[in-house]
Amino acid sequence: MEYYYNYNSINKMVSIIFILVLAIDLTMVLGQGTRVGFYSSTCPRAESIVQSTVRSHFQSDPTVAPGLLRMHFHDCFVQGCDASILISGSGTERTAPPNSLLRGYEVIDDAKQQIEAICPGVVSCADILALAARDSVLVTKGLTWSVPTGRRDGLVSRASDTSDLPGFTESVDSQKQKFSAKGLNTQDLVTLVGGHTIGTSACQFFSYRLYNFNSTGGPDPSIDASFLPTLRGLCPQNGDGSKRVALDTGSVNNFDTSYFSNLRNGRGILESDQKLWTDDSTKVFIQRYLGLRGFLGLRFGVEFGRSMVKMSNIEVKTGTNGEIRKVCSAIN
């Protein structure tokens, strides 16, 4: 018996299945009330204004890209993605130690001012920050993704709530617990921390690893011995704790996988980052992003966008919750 296949029909069926799977996947990661193109009719230029503003500021100060990416992460982990981190004043999130060195606030203010001039009271600061984080990856040569919008701005900002943020000394188990509490899994953890492929850290957050680590009298044994003199040269003992050092040695302004290569080679800067390589549950995702033999490969750029969409929908305020701020640094 002979079988005749209609390949056009098969291809069409495969395409339909792919679209259905994609739709299901998007439904799982998008929050209630947010959607791609939320401002397409009410403020169609909003996204392009944010992107051009990020690009303009980046050209004069490349540090704003990692600053905006971190700011969005720090915003979402405290009170959800509601721009509470942007509110200035005594005792706000912005003043808390984990946020004291964040940068890029002027980019958000600039974009907001331009958008308010043409669409007053329409676009939230929370959405501007989410879009700016995506565009920060784009200007550093990373892949883009569609950002669901429709968030509203929060009415509460407390420095005391920032304990939800993962710290630079935390164990992998503690990091996983904090991510899980926000609906993010182990792959999301490794992927989002991979955002450290751009940006810097201050010596004060890792120099303790270089000298008398855990009162051993020597350095953190997980640091590559050939890399140690370089780090000590950048951060001498009792030196300037505010000096900045690239989190991804050799590729500070490129959004790529070299950060994971550095972890594999014992060249992670933060203790919490390097631990991702020494723990089997997180190490496997690094191996997959690096495409190591014997491991099913993952495309970091693609997965980063997916994890960012999940994160950007943490505890969002939509509908009549919250407000649309007139100025991002102050509640109306």
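In this predicted model, the domain assignment divides the protein into domain 1, covering 43–163, and domain 2, covering 170–309. The centres of the two domains, taken over C-alpha atoms, are separated by 24 Å, and the contact draws 20 residues from domain 1 and 24 residues from domain 2.

The size of an interface is often given as the accessible area lost when the parts come together. Here domain 1 and domain 2 bury about 1,700 Å² between them, and 68% of that area lies on carbon and sulfur atoms. On the side of domain 1, the residues that lose the most area to domain 2 are Arg70, Phe77 and Trp145, which together account for 30% of what that side buries.

As for specific polar interactions, the count of salt bridges between domain 1 and domain 2 is zero, whereas six residue pairs, both members at pLDDT 80 or more, are found in polar contact across the interface.

The elements that give two or more residues to the side of domain 1 that touches domain 2 are helix H3 (64–76) and helix H5 (125–139); of the contributions to this side, that of H3 is the most, with six residues. The classes of the residues on this side of domain 1 are set out below.

| Class | Residues on the side of domain 1 that touches domain 2 |
|---|---|
| Nonpolar | twelve residues |
| Polar | five residues |

Conventions. Residues numbered from 1 in each chain as written. Predicted model: local features only at pLDDT ≥ 70, side-chain atom pairs only at ≥ 80, totals over all residues. Heavy atoms only, no water. Domains from an automatic or database assignment. Contact = heavy atoms within 4.5 Å. Buried area = accessible area lost by both parts, 1.4 Å probe. Salt bridge = Lys/Arg side-chain N within 4 Å of Asp/Glu carboxyl O. Polar contact = N/O pair within 3.5 Å; in protein donor to acceptor, adjacent residues only side chain to side chain. Helix = DSSP H or I, 4+ residues; strand = E, 2+ residues; numbered from the N terminus. Nonpolar A, V, L, I, M, F, W, Y, C, P; charged D, E, K, R; others polar.
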